[in-house]
Amino acid sequence: MKLNIKNEFRSFTVENVDAEKRTVTFAASSEYPVERYDGKNIYREILSHDSADVDMTRMNGAPLLDTHKGDVIGVVESCAIQEKRMIVTVRFGTSARAEEIFCDVKNGIRRNVSIGYLKTSVVSSRKGADGVMEIRFRWTPYEVSMVPVPADPTVGIGREINLPEATPEPEKGKVRMIIIAI
């Protein structure tokens, strides 16, 4: 199956779906800087995808969830770091909920994913050109979730990175949206 949808920022292709095996292969994480708030300051969190900085011991056999706190709808069959992205192959279960979501994935409806993880240590930190601190972390991923709105828009089912070089600053007097994942 191949579905191609193009817009100004990225293209989306569903082609790594094996309906018979009920598996899908996709990028689950990247080094995309995500704005976070620690109670005092806004900073950009970067999950290092250098092989020494990612503890993958919990990923083979990790759960595939319907949102981070939702039902288990499948399992991670395999995972690897390739070109600064975590690539996973997941297998969907046969429950009614898993079947419903897998059908939407096959039809290109559900394609947003998120990763559950623990930050284990800081690799580096520096101020960005705009003065916002950028902190690069070592981390341990432990689940993949199908989500409605991801913190990292560059990963997901069928995603290819084709984003603009920089995100434009909001106009004076406009509010910047900050996503806080819980």
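Strands here are DSSP runs of E of at least two residues, and helices are runs of H or I of at least four, both numbered from the N terminus. Colleagues, this is a predicted model, in which local features need pLDDT of at least 70 and side-chain atom pairs count only at pLDDT 80 or more, while totals for chains, interfaces and linings use all residues. Residues are numbered from 1 along each chain as its sequence is written, and side-chain values use heavy atoms, with hydrogens and water left out.

I begin with Arg36, which belongs to strand 5 (residues 34–37). Arg36 is buried, at a relative accessible area of 11%; buried means under 20% with a 1.4 Å probe, protein chains only. Its side chain makes polar contacts, that is, pairs of N or O atoms within 3.5 Å, one able to donate a hydrogen and the other to accept it. The partners include the side chains of Glu45, at 3.3 Å, and Tyr117, at 3.1 Å.

Phe92 and Phe102 form a tilted pair, 5.0 Å centre to centre with 40° between the planes. Phe92 lies in strand 9 and Phe102 in helix 1, so this pair ties together parts 10 residues apart in sequence. Tyr117 and Trp139 have ring centres 5.8 Å apart and planes at 85°, so their pair is edge-to-face. Tyr117 lies in strand 10 and Trp139 in strand 11, so the pair links parts 22 residues apart in sequence. Both Tyr117 and Trp139 are buried.

Definitions and conventions
Buried < 20%, exposed > 50% of the residue type's maximum accessible area, 1.4 Å probe, protein only. Phe/Tyr/Trp six-rings, centres within 6.5 Å; stacked < 30°, edge-to-face > 60°.
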